[in-house]
Amino acid sequence: MRHALITFGNEESYGLLFVGGELLEHHQLIRYFDGEDNDVIENILKWTPDFIMFSPMTTFYNYAIAISNAIKNHIPNVVSVFGGHHAMSVPDIVQLDAIDIVVVGPVRGSIEKILNGSVGVIKTTLTEPSDLSIPARHEYYRDIPRMAYRYRKFVLSIFGCPWNCAYCSSSCRHMRELFGVDAHSRYYLNRRPISAVIAELETIMQYDTKEIEWVDDDVFVGNEDWMIEFLLEYKYKVNLPMYVSSTSVSILHASDKLLNAMKGIISAVGLGVQAGRPESLKLFNRQWDNESKMKAAYDRLTSFGFSVNLQFIIGLPVKDPIEDAIDTIKCVQRIGAGSVCSCYPLMIYPTTELERYCIDSKIELNDMCNGDTNSGITGIKFDYVTNKRLKNICKLATLFVKYNVDEHWIRAMLDIDFNNVTSKKLSEARYKDCVVDRLKLDGESIFSKVISETKLRY
Ligand code: SF4
């Protein structure tokens, strides 16, 4: 059988790599297609697949549906399969003509059923983190060469997250509801075998790679001994700069031994600030965090020599979203002015606590939101002026934090109008700061190459 796996965006479609690996284990023919190609539908039709497989983030969900419909118009018997966090959150999408199967859970255990003709919702059971296919990277890079030469590749050692942020579709609350507490802990909060992660990295090393993004939600969750042993092997066999993410609480709990082991390997740590005001943190279900913990975590990381990327969200469903955003910027400045930051417009994912809160509070949601920081469009339907100000804050947040811009200058720039050229250049400038901060001397040349090859959204 022929399986077309359709990917989206400028980052690696990590979930679909495991799907590809699983299909190869079942001796299926696979081919990846790049959803960013203008002629993606023609390309898929020419290949005449039996199955079309999608694992779109919420951002790309509507586009995935459009592609599926277009393929089904020409190949009526094609079977379309949707998986991943978005599909898992809203399995009722299986009622749509565009979707024949929704897989709820990991791909392991679903392929046999799909090949046997099952349709509808297929719920898989959680096995072990060691029970995974080998991601089909060679096939992915063969079919989408721009990803083979992407400077940054993804690797993940642990699939879940112990936190329960109200806006997050992969929060532990949702996953525990789906699979039960024990199975969630066993599968989602344990690490994969070191040998499997290193083997994956050795495959990646065969392609031009300058940086590894460790896409675990919180690098310090899980067994520290595992991490220390892994880092020793990583240093010996891979030795590429690595970008990781964490939370203040985990950073403060991590041992000096682990932080020392990370030195010279981890180039930068993303620290999730998310909001400045205590009541906004509470809205996010992150009341366990506060500015003093974030500041202590930031100081600890920098004392070990790590660059820190401060990450936060604006456009909250509060009565004064612009004031809330400015308060968050000022909080981030107090934590680590001079550092690079990433500012995201709030996205409301289906079935999250925050979506429930908005519905209960009769807060109107915005269908136009795609979660992209460059669009600056949030998941809440604000008025025109608020939208514009939030977009401007997203555009300028890196400048505000890196150069510790005073509040009256921030306010002076809220209503600025950018033409297309300026808007694009600001997105490039922000991206460049992130790349150079992580990759230091190599960052400039890597950024120039990336920017010449990537359709940067702005
Ligand atoms: S820490 Fe990140 S992955 Fe974990 S629940 Fe919060 S937003 Fe989701």
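**Domains, cores and ligand shell**

The protein is divided into domain 1 (2-123) and domain 2 (149-453), with bounds that come from an automatic or database domain assignment. This is a predicted model, in which local features need pLDDT of at least 70 and side-chain atom pairs count only at pLDDT 80 or more, while totals for chains, interfaces and linings use all residues. Residues are numbered from 1 along each chain as its sequence is written.

Domain contact
- The centres of domain 1 and domain 2, taken over C-alpha atoms, are separated by 28 Å.
- In domain 1, 10 residues are in contact with 15 residues of domain 2 (C-beta atoms, placed from the backbone, within 7 Å).
- Helix α4 (residues 85-89) gives the most to the side of domain 1 that touches domain 2, with three residues (helices are DSSP runs of H or I, at least four residues, numbered from the N terminus).

Nonpolar cores
- The largest nonpolar core has 77 residues, and L310, F312, I314, V332 and A397 have the most contacts inside it.
- Such a core is a set of buried Ala, Val, Leu, Ile, Met, Phe, Trp, Tyr and Cys residues joined through C-beta atoms within 7 Å; buried means 20 or more other C-beta atoms within 10 Å of the residue's own.
- L310 touches residues including L271, V273, V332 and V401, not counting those up to four places away in sequence.
- A second, separate core of 44 residues includes I6, L17, M88 and I144.

Ligand shell
- Around the ligand lie C161, W163, N164, C165, C168, S170, S171, D217 and D218 (C-beta atom, placed from the backbone, within 6 Å).

Definitions and conventions. Buried ≥ 20, exposed ≤ 12 C-beta atoms within 10 Å, placed from the backbone. Contact = placed C-beta atoms within 7 Å. Helix = DSSP H or I, 4+ residues; strand = E, 2+ residues; numbered from the N terminus.
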